[in-house]
Amino acid sequence: MDKRDLSLATPYLQFDRTQWAALRDSVPLTLKEAEIMQLKGINEDLSLEEVAQIYLPLSRLLNFYISSNLRRQAVLEQFLGTNNQKIPYVIGIAGSVAVGKSTTARVLQALLSRWPEHRSVELITTDGFLYPNKMLQERGIMKKKGFPQSYDIHQLVKFVSEVKSGTKNVSAPVYSHLIYDVIPDGNKVINQPDILILEGLNVLQSGMDYPHDPHRVFVSDFVDFSIYVDAPEDLLLSWYINRFLKFRQGAFSDPDSYFHHYSQLPEEEAVQIATQLWNEINGLNLKENILPTRERASLIMTKSANHAVENVRLRK
């Protein structure tokens, strides 16, 4: 099979930045620069241009999908003779540590909530479904944090299933990056949103990723549209190191920080430790458990330098 045949066989439509930006189709930008500054991550460049060219077309596409889903629900209700059961539309956002998943999630939450339909949008990260540090230590897997075996996958699936079924007041545990642990009794309550954005390393994983804990239903079974935020590993490593250095100057200096002992390190030593953490934990997890899920996504956005998205692949 030659290259032309391979390109025809792909399940994705591919857009470069200019082609994707044209799909904005005059949708107005409802975010101001000050708001965008609050939405971006500690180590990311996020400009008005990036929001306008990348995220506005994406929010327009999602709005079409959500409206279509609502029409499908209305048909089902008409067939069943039921009345207006509220079923949230679930958007999953996956990708590596340091790629900018959280920023993508926050920007989409802000944009989707400002469409004329005024839909309610909730955001949950799967970090809250990690086992507490005490349990990870007891099992000897603290260095596997973020790997499939470090998650209470049954609790996560139960949460998404309840939200997707229209259940009221569903609780999700909350994770603190300051203490590097799940907050005891720190639950966030989700009450029938129109849209739920679920962001995390594992939202595209399936049973093959959890051979140690077999289960028949997966988070991805409840996701209506999934996004994989992608970037070359050399950039991911660079972003991870830069983020570590910024944390060292900021959050790590808090005496309550789990990583407070890193705050006084010389920069050269901090870079060495960050690189080691990447190679032994985050980079390994990327190769073994995260990157293999990329082709399951509805849409793949690939970043280049400065966190700028250079191309988008959309499943046909």
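Student: Why are helices α8 and α9 called oblique to each other?

Tutor: In this predicted model, the axes of α8 (residues 233-249) and α9 (residues 267-290) cross at roughly 130° and come within 9 Å, where axes are lines fitted to C-alpha atoms over the stretch in contact and angles run from 0 to 180 degrees between N-to-C directions. Angles under 35 degrees count as roughly parallel, over 145 as roughly antiparallel, 65 to 115 as roughly perpendicular and the rest as oblique, and α8 and α9 are therefore oblique. Local features here need pLDDT of at least 70, and side-chain atom pairs count only at pLDDT 80 or more, while totals for chains, interfaces and linings use all residues. Residues are numbered from 1 along each chain, and side-chain values use heavy atoms, without hydrogens and water.

Student: How do you know that A172 is buried or exposed?

Tutor: Buried means under 20% relative accessible area, exposed over 50% and partly exposed in between, with a 1.4 Å probe and protein chains only; A172 has 0% relative accessibility, and therefore counts as buried. A172 lies in strand β4 (residues 170-172), and, leaving out residues up to four places away in sequence, A172 touches I124, F129, F159, G186, N187 and K188, a contact being heavy atoms within 4.5 Å.

Student: What makes a set of residues a nonpolar core, and which residues have the most contacts inside the largest one?

Tutor: Such a core is a set of buried Ala, Val, Leu, Ile, Met, Phe, Trp, Tyr and Cys residues joined through side-chain atoms within 4.5 Å. The largest has 88 residues, and F159, I227, L299 and M301 have the most contacts inside it.

Methods: Helix = DSSP H or I, 4+ residues; strand = E, 2+ residues; numbered from the N terminus.
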